[in-house]
Amino acid sequence: MSETGAVTTKQLLETMEKVGDQPIGLGNAADLVGKSRTFNFTFEYMDFIFAVKATAENRKTHMRFHANLGYVPFTSQGAKNRSNVIGIVSLAGTMLGGKVRISPEQRIMLAEDFWFDQPLTPNLLMTKTVQLLIDAKPYLALLAESVNKPVSQNLFKNAGT
């Protein structure tokens, strides 16, 4: 374990000891990680990969979301799937304010920048992340049926055989 990880763990244990069986609360999470002014994390949702970067600037917060939503299928892989994906991306781009697009390499990307007149807290970070996922979920569900997703549950099923 790194020295930073050990310090963070120690702070967490001390905080837990102070509060007993009461919840720590998301408002204290920044204290536990050393009051960082930048949070970076990635996660997987519906087999798509998301990355989030949040930065505190004065009493404002800047958040950037990026997601790799797979590639547009080639016509040879299925003309119908290709047509469906292009239609879904177009609709998602319109409904989500142009946040979803297809790169020149045919990669489907979701990108969003937010500025908030609120200080960066873990509560704000999680709330805004969940709001974006709720807005995007119908389009993600449709895309999931027609693209090769970046993360597939089948990748490791046969790895041990």
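**Salt bridges, strand pairing and core of the predicted model**

In this predicted model, a salt bridge joins the side chains of glutamate 112 and lysine 99, with an N to O distance of 3.2 Å. The two residues belong to distant parts of the chain, 13 residues apart: glutamate 112 lies in strand β5, and lysine 99 in the loop between α3 and β4. Both glutamate 112 and lysine 99 are buried. Side chains of opposite charge can pair when their charged atoms come close.

A search of the whole structure finds three salt bridges. Another of them is formed by the side chains of aspartate 113 and arginine 64, at 3.1 Å from N to O. Since aspartate 113 is in strand β5 and arginine 64 in strand β3, this pair ties together parts that are 49 residues apart in sequence. Aspartate 113 has a relative accessibility of 42% and therefore counts as partly exposed; arginine 64, with a relative accessible area of 36%, is also partly exposed. A further salt bridge is found between the side chains of aspartate 117 and lysine 60, at 3.7 Å from N to O. Here the partners are 57 residues apart, with aspartate 117 in the loop between β5 and α4 and lysine 60 in strand β3. Aspartate 117 is exposed, as its relative accessible area is 68%, whereas lysine 60 is partly exposed at 41%.

Aspartate 113 also takes part in a polar contact of 3.3 Å with the side chain of histidine 62. Histidine 62 is placed in strand β3, which spans residues 60-71. Its relative accessibility is 15%, below the 20% limit, so histidine 62 counts as buried. Apart from neighbours within four places in sequence, histidine 62 is in contact with Lys53, Ala54, Thr55, Glu57, Asp113, Phe114 and Trp115. The C-alpha atoms of histidine 62 and glutamine 118 are separated by 9.6 Å, although the two residues are 56 places apart along the chain.

The pairing of the strands was examined next. Strands β1 and β2 run antiparallel and are joined by eight bridges; threonine 42 has alanine 51 in β2 as its bridge partner. These two strands form a hairpin with two residues between them, and methionine 46 in the turn has a positive phi of about 55 degrees. Aspartate 47, in the loop between β1 (38-45) and β2 (48-57), likewise has a positive phi, near 70 degrees. Aspartate 47 counts as buried because its relative accessibility is 12%. Most residues other than glycine have a negative phi.

Strand β2 is also joined to β3, in antiparallel fashion, by nine bridges. Glutamate 57 finds its bridge partner in lysine 60 of β3. The hairpin of β2 and β3 has two residues between the strands, and within this hairpin asparagine 58 takes a positive phi near 55 degrees. A positive phi, near 70 degrees, is found in glutamine 106 as well. Glutamine 106 belongs to the loop between β4 (100-102) and β5 (107-116) and is partly exposed, with a relative accessible area of 27%.

Five aromatic pairs are present in the structure. One of them, between phenylalanine 65 and phenylalanine 114, is edge-to-face, with 5.6 Å centre to centre and 80 degrees between the planes. This pair links strand β3, which holds phenylalanine 65, to strand β5, which holds phenylalanine 114, across 49 residues of the chain. Phenylalanine 65 is buried, as its relative accessible area is 2%, while phenylalanine 114 is partly exposed at 22%.

Leucine 143, leaving aside its neighbours within four places in sequence, is in contact with Phe48, Leu69, Val85, Ile88, Val89 and Ile108.

How values were computed
Residues numbered from 1 in each chain as written. Heavy atoms only, no water. Helix = DSSP H or I, 4+ residues; strand = E, 2+ residues; numbered from the N terminus. Buried < 20%, exposed > 50% of the residue type's maximum accessible area, 1.4 Å probe, protein only. Contact = heavy atoms within 4.5 Å. Polar contact = N/O pair within 3.5 Å; in protein donor to acceptor, adjacent residues only side chain to side chain. Phe/Tyr/Trp six-rings, centres within 6.5 Å; stacked < 30°, edge-to-face > 60°. Pairing = 2+ DSSP bridges. Salt bridge = Lys/Arg side-chain N within 4 Å of Asp/Glu carboxyl O.
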